[in-house]
Amino acid sequence: MAVELEFERPIIELRKKITELKEFTKNADVDLSSEIQKLEGRLAKLEEDIYENIKPWDRVQIARHPERPTTLDYISFLFENFFECHGDRTFADDEAIVGGIAKFKGLPVTVIGHQRGKDTKENIRRNFGMPHPEGYRKALRLMKQADKFRRPIICFIDTKGAYPGKAAEERGQSEAIARNLFEMAGLHVPVICIVIGEGGSGGALALGVGNRIYMLENSTYSVISPEGAAAILWKDAAHAKTAAETMKITAPDLKGLGVIDEIIPEIKGGAHKDVKKQAEEIEKILTASLKELLHLSEEELIADRYNRFRTIGEYGLINDLLSVN
């Protein structure tokens, strides 16, 4: 059964009405083709009005859609001969992060990404896409392997955040994330990061230190969830919608702030509507990015990554205050 999002209800209701009229025309000796045509015209206009003016909270809902494509979905469309690698060689294999070696248009690459489930059973197995420390250590192991063999690294980001449980903290969750940030900054190969769903807090950033950072149009990237921010600011998670509108967590907001490089257009209604076509949009940006980055030397790649993060933000106010004092 398809999941209905609140803002899509007018579209869904109109589609149902059109379907009912088509069934009635088919089973009864009545010609309703003109009425159906008018409704289809209204549907097209309604879809354009709604999908072209999506609010931040609506984008949050699309990013969390249970049918939204995952890392493994995109891997199956974008890469050839994917060989998944397991384990961090220290503690265990965390299935909330998948990674391995593959070929992108004949080019050997390392692919790493958060992986959530499509149903309750798989979500439990993959811890709802919230990695433990061993997940980040597995990712770092694969990154270092890619660095050794000069393979570009492609990261898919899709997590609510790193798992905050007691066991994860005991095994060094914060250190594992910090280590990834440090090591990724100094990699000698191109690193391309794409937020495909939710990009939550340090759990997302641990795979997000790249030369190029992209977001799907209806994905989110933030230091905390709207519910978490609402609980802190208003002492009530029910204000999540208000928080989403003020936090600047959507792709258009972050593009304007310079946090990401480009927005990858989504299929109308969300990536889950047509995974194959969405993968084609991602393929275009990967092709262009690799073409640009593969021409850079190792030193230039590190400098490019450094400058990419160094230029985020504005410091004019601080400078003004210092000059006054």
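A nonpolar core is a set of buried Ala, Val, Leu, Ile, Met, Phe, Trp, Tyr and Cys residues joined through side-chain atoms within 4.5 Å; buried means under 20% relative accessible area and exposed over 50%, with a 1.4 Å probe and protein chains only. The model is predicted: local features need pLDDT of at least 70, side-chain atom pairs count only at pLDDT 80 or more, and totals for chains, interfaces and linings use all residues. Residues are numbered from 1 along each chain, and side-chain values use heavy atoms, without hydrogens and water.

**View A. The largest nonpolar core has 30 residues.** Ile-112, Met-143, Ile-153, Cys-155 and Leu-207 touch the most other members. Among the elements giving two or more residues are helix H6 (133-148) and strand E4 (153-159), elements being DSSP runs numbered from the N terminus (helices H or I, at least four residues; strands E, at least two). H6 supplies the largest share, 5 residues.

**View B. Surroundings of Met-143.** Leaving out residues up to four places away in sequence, Met-143 touches Ile-112, Ile-153, Cys-155, Met-184, Leu-187, Ala-206 and Leu-207 (contact: heavy atoms within 4.5 Å).

**View C. A second, separate core contains 24 residues.** Phe-79, Phe-156, Ile-196 and Ile-264 are among them.

**View D. Helix H13 and its buried residues.** These are Gln-278, Ala-279, Ile-282, Ile-285, Leu-286, Ser-289, Leu-290 and Leu-293. They fall within an arc of 130 degrees seen down the axis of H13, so they line one face of the helix (arc: directions from the helix axis to the C-beta atoms). Lys-284 and Lys-291, on the other side, are exposed.
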